[in-house]
Amino acid sequence: MTPATEPGPRWLTESEQDAWYAWRRMFPLVNAEIARDLNQDSGLSEADYDVLSVLGSTDGHRMRISALAELMRWSRSRLSHQLTRMEQRGIVRREEVASDGRGAQVVLTTAGITMITQAAPLHVESVRRHLIDVLTPQQLRTLAEVGEVLRERLGARRKS
């Protein structure tokens, strides 16, 4: 195909452009408000809360580090740095996996369990205030459907 016969860019229609701009403006604004509340209410960063909430929902409050990195779609390096910061604060610890000796797992400490238990209700209120309670039930269903389509398309798992 010569350059003259190659198809041009598939420019966005007006309604597609409206949707794209809405997404680009909405997501960082809502996320920033919730992250600000999380830090003010609990002293946690989004990354702290993400790790704590995943571990808090697992049996034994533990998970292989490799599985946690995959679930969160983080590099092992990024997760390792995050876990180091959290270990320094005493909210997680790393342990060798006794059954095979090859891998390591991260475990919530008692302080970590207390932290996520106290943070979760405040975080949920912030999510409600900045997103859930602002939308109608139909808008929430649409948002959930869109999120599921995109999650599946990108190959992300829902849970551990």
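Author: Let's start with a loop: histidine 61 sits in the one between H2 and strand E1 (62-64). Those labels come from DSSP runs, numbered from the N terminus: helices are H or I with at least four residues, strands are E with at least two. Keep in mind that this is a predicted model, where local features need pLDDT of at least 70, side-chain atom pairs count only at pLDDT 80 or more, and totals for chains, interfaces and linings use all residues. Residues are numbered from 1 along each chain as its sequence is written, and side-chain values use heavy atoms, with hydrogens and water left out.

Reader: What is the phi of histidine 61?

Author: Phi there is positive, about 55°, although histidine 61 is not a glycine. Arginine 73 also has a positive phi, near 60°, and is a residue other than glycine. Look for arginine 73 in the loop between helix H3 (65-72) and helix H4 (76-88).

Reader: Is arginine 73 buried or exposed?

Author: The idea is to look at relative accessible area: buried means under 20%, exposed over 50%, and partly exposed in between, using a 1.4 Å probe and protein chains only. Arginine 73 counts as exposed because its relative accessibility is 51%. Histidine 61 has a relative accessible area of 26%, so that one is partly exposed.

Reader: Now a helix. How many residues does H5 have, and what is its reach?

Author: For a helix, the expected span is 1.5 Å times one less than its number of residues. H5 covers residues 110-130, which is 21 residues, and reaches 30 Å from first C-alpha to last, close to the 30 Å expected.

Reader: Where does H5 bend?

Author: A bend at a residue is the angle between axes fitted to the seven residues ending there and the seven starting there. In H5 the bend is about 30°, at alanine 120, and proline 121 follows within four residues.

Reader: Which residues of H5 are buried, and what do they pack against?

Author: The buried ones are Gly112, Ile116, Ala119, His123, Ser126 and His130. They pack against helix H1 (14-42), helix H2 (46-56) and strand E3 (104-108). Take histidine 123: it counts as buried because its relative accessibility is 16%. Contact means heavy atoms within 4.5 Å. Leaving aside neighbours within four places in sequence, histidine 123 is in contact with Ile34, Leu38 and Tyr49.

Reader: What about empty space?

Author: Rolling a probe the size of a water molecule over the atoms shows where empty space is left. On a 1 Å grid over the protein atoms alone, a pocket is an open set of points where a 1.4 Å probe fits, with protein on both sides within 12 Å along at least five of seven lines; lining residues have an atom within 4 Å of a point. The second largest pocket has a volume of about 340 Å³, meaning the space filled by probe spheres set on the points.

Reader: Which residues lie nearest the centre of the second largest pocket?

Author: Of its 13 lining residues, Trp23, Met26, Leu131, Leu135 and Leu143 lie nearest the centre. H6 gives the most to this lining, with 5 residues. H1 and helix H6 (137-154) each supply at least two.
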